[in-house]
Amino acid sequence: MIASLVGTGLVSAGLASAGDPWWGQLFSFDNYGELLVLVRGSIVTGALLALVGGLIGVFVIQRDMAFAVHGVSEMSFAGAAAALLIGIDVVAGSMAGSIIAAVLIGLLGQRARERNSIIGVLMPFGLGLGVLFLALYPGRAANKFGLLTGQIVAVDETRVMTMSVLAAVVIGGLVLVWRPLTFASVDPEVASARGVPVRALSMVFLVLLGLAVAMAVQIVGALLVLSLLITPAAAATRLTASPVWVPVLSVTFAMVAAVGGILLALGASVPISPYITTISFIIYLVARRVGTVRLRRGWVSRESSVPS
Amino acid sequence: MRKNVLELHDAALAFGERTLWSGLDLSVASGEFITVLGPNGSGKTTLLRVALGTQPLDSGRVRVLGHPPRRGSRALGYVPQQRIVDPATPVRARDLVRMGIDGHHWGPGRHSLRERVDELLDAVGATPYADMPVGLLSGGEQQRVRIAQALAAEPEILLCDEPLLSLDLRRQDEVTALIDATRRSTGTAVLFVTHEINPVLPYTDRVLYLGPAGHAVGTPDDVLTSEHLTRLYGSPIDVISAQGRMIIVGDDVHAHHAEEHHA
């Protein structure tokens, strides 16, 4: 019952009547306490996604792979749409889609330029397949739209478990490869000379990225995955270059955007993703401003402040 | 008695039909400064890759400290050709140096290596910008940091691939003097690949010149003569000495001593 209520993505469609002014549809806190209980599962899922997105975003920025994230998420969308059509679990479908995309990008696009064209080729193909599957799907329109632009999916206990396992795999994997992956991302030639398996790590990273994208598609939708997998890390790197503070800030920003977005969206009758993307964007703008001021003043006070 | 840290016997390497070099014999003693010269495409960088174990020889034998080369060997420090680092890359100078110590280990780093990193940064004079993102450093500063990174493993051989590229003359002299000081204090051998002879000339013990028609090993005075280089290039070459600088002139070398144009 709860699941099906939340599953529409329009929790309070019945609460906010059609006669309300538009801001009443955007922000409404009637019956907030009751709603909060209903979406506990979504909040937990959002927090998990923020943790995963914040961490993997650090490497997406380091490896300059924002476009790959977008490409993988379109294929993930195709997988999810296929799953919807044949009636299997949507998370399984989007995982299959994004891992296939990740492996293809890894195999065909070793160099950055090759990679971008491979992604450019895969992305519309994935999107097209997704559109086809959705057109064939006889079910509810809200489900279809949700895959692209986000919804609070039917977050029942099973779904929370699936997401937790996914998050554990991605975070565990990232922790394991953290140092050599950083080395390989920043300084591939020296890393390779020091015996770091640069190519294998690149593939491992893409698969972890695929899993993270599959998680994100469930919450913010395929088109808006970047808001949790890139924007928080991009904001963090504007503020610091410390290997400790970049991931900490990135996860914090993602957490504020994801959980904050869900909380704000609770009483509203529009999807949750605009809240997440907007918070994420505002954090980035502030970080960018602060970072620019810091750069102008000089990053650190050099003892001998000779301009180079 | 100084030991040989790198040995090549009758080594040959070809890419498809094109032979880069063959019959190459070279023994590098510890503490020795070898300058590797030659036009573009003569296999200078490839020679470093052979030592690093990332490029196998076609024939002949190579030994690093008496053993076949092995990827990831701590006996070698590597300063690769400079590449542009995006200013937004969240990596500070000290992080790059730390990667030279433990970047290849699995898992997140547990121990603080701050003292060791500070020591290495200090040794190359990079302390003032230790906490700057690498992408915000000037070319010369980046090279200092890369040298500190390469020294982290206390290598017996320092392989430097065009470390002077894109540096102005003063920085070229600074970086070369730093590498020379390092080999004197640590006893590491240096294999220095470069286009620019003059900054390294005062420090060079021996030159390995890889030419289109052969190669030569010897002291700079022996190898860098008009007669010798004419043979290595298979076309007329003039070596001119003026004011302590050496200028090499010939049809094939214009690309190769580009520094003289803006010197």
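Is Asp131(B) buried, partly exposed or exposed? Asp131(B) has a relative accessible area of 29% and is therefore partly exposed, where buried means under 20% relative accessible area, exposed over 50%, and partly exposed in between, computed with a 1.4 Å probe on protein chains only.

The structure is a predicted model, in which local features need pLDDT of at least 70 and side-chain atom pairs count only at pLDDT 80 or more, while totals for chains, interfaces and linings use all residues. Residues are numbered from 1 along each chain as its sequence is written, chains are lettered from A in the order in which they are written, and side-chain values use heavy atoms, with hydrogens and water left out.

Asp131(B) forms a salt bridge (a side-chain nitrogen of Lys or Arg within 4 Å of a carboxyl oxygen of Asp or Glu) with Arg92(B), and the closest N and O atoms of this pair are 3.8 Å apart. The two residues bring together distant parts of the chain, 39 residues apart: Asp131(B) lies in the loop between helix H3 (114–123) and helix H4 (139–151) of chain B, and Arg92(B) in the loop between strand S5 (76–79) and H2 of chain B. Helices (H or I, at least four residues) and strands (E, at least two) are DSSP runs, numbered from the N terminus. Arg92(B), at 16% relative accessibility, counts as buried.

Because Arg183(B) and Asp180(B) are three residues apart in helix H5 (residues 169–186) of chain B, about one helical turn separates them. Both Arg183(B) and Asp180(B) are buried. Elsewhere in chain B, salt bridges that share partners join Arg92(B), Arg94(B), Asp95(B), Asp118(B) and Asp131(B) into one network.

Over all chains, a search of the whole structure finds 18 salt bridges. Among them is the pair of Asp102(B) and Arg179(A), whose closest N and O atoms are 2.6 Å apart. This pair crosses between chains, from helix H2 (residues 93–102) of chain B to helix H9 (residues 157–186) of chain A. Asp102(B) is buried, with a relative accessible area of 7%, and Arg179(A) is likewise buried, at 15%.

Chain B also contains a strand pairing, for which DSSP must find at least two bridges between the strands. Strand S1 (residues 4–15) and strand S2 (residues 18–29) of chain B run antiparallel and are joined by eight bridges; Ala14(B) has Thr19(B) in S2(B) as its bridge partner. The two strands form a hairpin with two residues between them, and Gly16(B) in the turn has a positive phi of about 60°.
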